[in-house]
Amino acid sequence: MTTAPVRRSDRRISPVFLGIVAVTAVTGWATWSGFAEQPGVAVFLFVTGAWVVSLCLHEYAHARTALHSGDISVGAKGYLTLNPVKYTHALLSIVLPVLFVIMGGIGLPGGAVFIERGRIRGRWRHSLISAAGPLANVLFAIVCTAPFWLDALEGVPRDFRLALAFLALLQVTAAILNFLPVPGLDGYGVIEPWLSYNVRRQVEPLAPFGLLIVFALLWIPAVNGVFFDAIDAILRSLGIGEIDTYCGFELYRFWQTDELCTVSP
């Protein structure tokens, strides 16, 4: 791979991103210390901030891999600054995924960076660019779940533990959904370079509707059950119980309460 030169300003971390990181850090501390008068509000801001950070890192991973694969245009487009408003469309990339988290507790894949694929040579490079984003979610999930599978929860406050469990759920669902080989999602981008021209031409019209198709399928009770059973199995293998993710979601939605989660487990 060749490293393309970019201007220093093209890779300077955005103040917007730094502000989101600061909010995440402060509300994470408030959740840990119990400083917040309303812990649910602190959890909401902490998880939402961390989720937006992960969306930015997801898109940054795509852009950075594309840069080292030959697309020197990503710097001028602002993709290397981690600024969330630079990633395609603020509504689709940030607002919509956050709304899905609030409504359903599922990690909706965000928007995408525009990669000039014509600058890139080699099928493996194209596949790696597509895989880089979901792999960022995988790494984020490993960080969130580490205290659970390392059995390092002693002394960790209950609210912070539940927030981490819910954040891990979001990262796992985002990684799995992104890796689905559906046109328009990163999983299809991984296999697309290896498909014949005729196959690619036939499925290309489906790309704008890929995510809608996935969520339409998830509305089918049988499909939804299989999907979330798989998510629960993955999380259980990492030491996170269903009650942790459920109560983490309930704590996140501070405007409603569940008696099951008001008593410390």
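Colleague: Is C56 buried or exposed?

Modeller: This is a predicted model. In it, C56 is buried, with a relative accessible area of 0%.

Colleague: And C144, buried or exposed?

Modeller: C144 is buried, at a relative accessible area of 3%.

Colleague: How many disulfides does the structure hold?

Modeller: The structure holds zero disulfides.

Colleague: Turning to the fold, how many helices and strands does the protein have?

Modeller: There are twelve helices and zero strands. Among contacts between residues at least 6 apart in sequence, 74% join residues at least 24 apart.

Colleague: What share of the residues counts as buried?

Modeller: Of the 265 residues, 48% count as buried. The accessible surface comes to about 13500 Å², and carbon and sulfur atoms account for 67% of that area.

Colleague: Why is helix 11 described as largely enclosed?

Modeller: Helix 11 spans residues 242–252, and eight of its eleven residues are buried, so the rest of the structure largely encloses it.

Colleague: Which residues of helix 11 are buried?

Modeller: They are D244, T245, C247, G248, F249, E250, L251 and Y252.

Colleague: Now the surface. Which residues form the nonpolar patch?

Modeller: The patch consists of L135, V138, L139, I142, W149, L150 and F179, with about 630 Å² of accessible area together. Its largest share, five residues, comes from helix 5, residues 123–149.

Colleague: Where does I142 lie, and what is its relative accessible area?

Modeller: I142 lies in helix 5. I142 is partly exposed, with a relative accessible area of 40%.

Note on methods: Residues numbered from 1 in each chain as written. Predicted model: local features only at pLDDT ≥ 70, side-chain atom pairs only at ≥ 80, totals over all residues. Heavy atoms only, no water. Buried < 20%, exposed > 50% of the residue type's maximum accessible area, 1.4 Å probe, protein only. Helix = DSSP H or I, 4+ residues; strand = E, 2+ residues; numbered from the N terminus. Patch = residues over 30% accessible without salt bridge, like charges linked within 9 Å, V, L, I, M, F, W, Y side chains within 5 Å. Areas by Shrake-Rupley, 256 points an atom, 1.4 Å probe, with all protein chains shown as cover. Salt bridge = Lys/Arg side-chain N within 4 Å of Asp/Glu carboxyl O. Disulfide = S-S within 2.5 Å. Contact = heavy atoms within 4.5 Å.
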